[in-house]
Amino acid sequence: MVPNIELSDSTDIPQIGFGTFLVPPDETARVVAEALEVGYRHIDTAQGYGNEEGVGEAVRRSGLAREDVYLTSKLTNSKHAPDDVRSSFEETLEKLGVDYLDLFLIHWPLPTRYDGDFVSTWEAMLGLLDDGRLRSAGVSNFEPDHLERIIGATGRAPVVNQVEVHPYFGNEAVRSACASHGIAVEAWGPLGQGKSGVLEDPAVLDAARAHGKTPAQAILRWHLQRGDIIFPKSMHRERMAENFDILDFALTAEEVAAIDALDKGASGRVGPDPKTFDRV
Ligand code: NAD
């Protein structure tokens, strides 16, 4: 059984989900249908991925009850103006073909856009919670000072912050800021997007070998044991199954520490720096 994490608004989120970044729109229904067959019950998409329709189609075709699949989407960067937040949320519900969404995130803070005003965007996100069609509101790629600003202005913390985290980029400053506010961390790029080299790192290979598991499984297990929420992505059914099969072993404290020690700080990032990222 995939463990649930209880969020600060008392809702539960499955700790293991399935990611859909760069899953092409015309393949999404097939890919997500396979992920649901494998057993994933939490799907992470975004307006910016252009594949919400395919996610919705797969959920409907699966025959699973709506409440048995946890769905996350994200507000795209061109929709930060408060008036746009509600209309683009409505579009997301329509594209997914659902009458409520479990979790909606501000995708990027964009501190150099919109006069640096992501606070009004956050207030508009909170407004979506009022009529029950959004269950939980969160953010993504928020740095500690971005979190301080929205919490200071509204008194309300996001339930999650979805940020880049993997062994080469532990993102500890953000993780500890989240912990101090009761914000759950969602680790995007949990496998370093398959291109950081972390899947071949000796510390990872050693841990994998010791448990008869693959490098990807060792890394994903490391995330689980740190308490973060993950949604690795793969277009291939065998890898979807591999990435889901991480509940029957545990890394030792020494193995966790050896993987923790791989953190390269900012130079380990595979994605953009949220302080300067400004693509709209
Ligand atoms: P990831 O770390 O999940 O890596 C995916 C890649 O790793 C695959 O394309 C494949 O090349 C490789 N891979 C997958 N399984 C493997 C296996 N078992 N063995 C070897 N290689 C394997 O990267 P991701 O997709 O960028 O991140 C996961 C999810 O996080 C995304 O799909 C998306 O939903 C979310 N995300 C969010 C943001 C954000 O800004 N909020 C940014 C990036 C990703």
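This is a predicted model: local features need pLDDT of at least 70, side-chain atom pairs count only at pLDDT 80 or more; totals for chains, interfaces and linings use all residues.
Which residue in E7 is the bridge partner of Phe-104? It is Ala-137.

Residues are numbered from 1 along each chain as its sequence is written, and side-chain values use heavy atoms, with hydrogens and water left out.

Strands first. Helices (H or I, at least four residues) and strands (E, at least two) are DSSP runs, numbered from the N terminus. Buried means under 20% relative accessible area, exposed over 50%, partly exposed in between (1.4 Å probe, protein chains only). E6 and E7 run parallel, paired over 5 bridges. Strands pair if DSSP finds at least two bridges between them. From E6 the chain passes through helix H4 (residues 119–127) to reach E7, a right-handed β-α-β crossover. Right-handed means this: with the strands pointing away from the viewer, the path from the first strand over the helix to the second runs clockwise.

On to E8, residues 160–164. E7 and E8 also pair in the parallel sense, over 2 bridges. Ser-140 stands opposite Gln-162 in E8. E7, helix H5 (residues 144–154) and E8 form a right-handed β-α-β unit.

Now the rings. The structure holds 6 aromatic pairs. Rings of Phe, Tyr and Trp (its six-membered ring) pair if their centres lie within 6.5 Å; planes under 30 degrees apart are stacked, over 60 edge-to-face, the rest tilted. One of the pairs is Tyr-40 with Phe-244, tilted, at 4.6 Å centre to centre and 50 degrees between the planes. Tyr-40 sits in the loop between helix H1 (25–38) and strand E4 (42–44), Phe-244 in helix H9 (residues 237–244), 204 residues apart. Both are buried.

Back to Phe-104. Phe-104 and Phe-89 make a tilted pair: 5.2 Å between centres, 55 degrees between planes. Phe-89 is in helix H3 (residues 82–96) and Phe-104 in strand E6 (residues 101–106), so the pair ties together parts 15 residues apart in sequence. Phe-89 is buried, at 1% relative accessible area. Phe-104 is buried too, at 0%.

Last, charges over rings. Arg-66 lies over the face of Tyr-100, 4.0 Å from the ring centre. The charged end of Arg-149 sits over Phe-118, 4.4 Å from the ring centre. The cut-offs: NZ of Lys or CZ of Arg within 6 Å of the ring centre and within 35 degrees of the ring normal.
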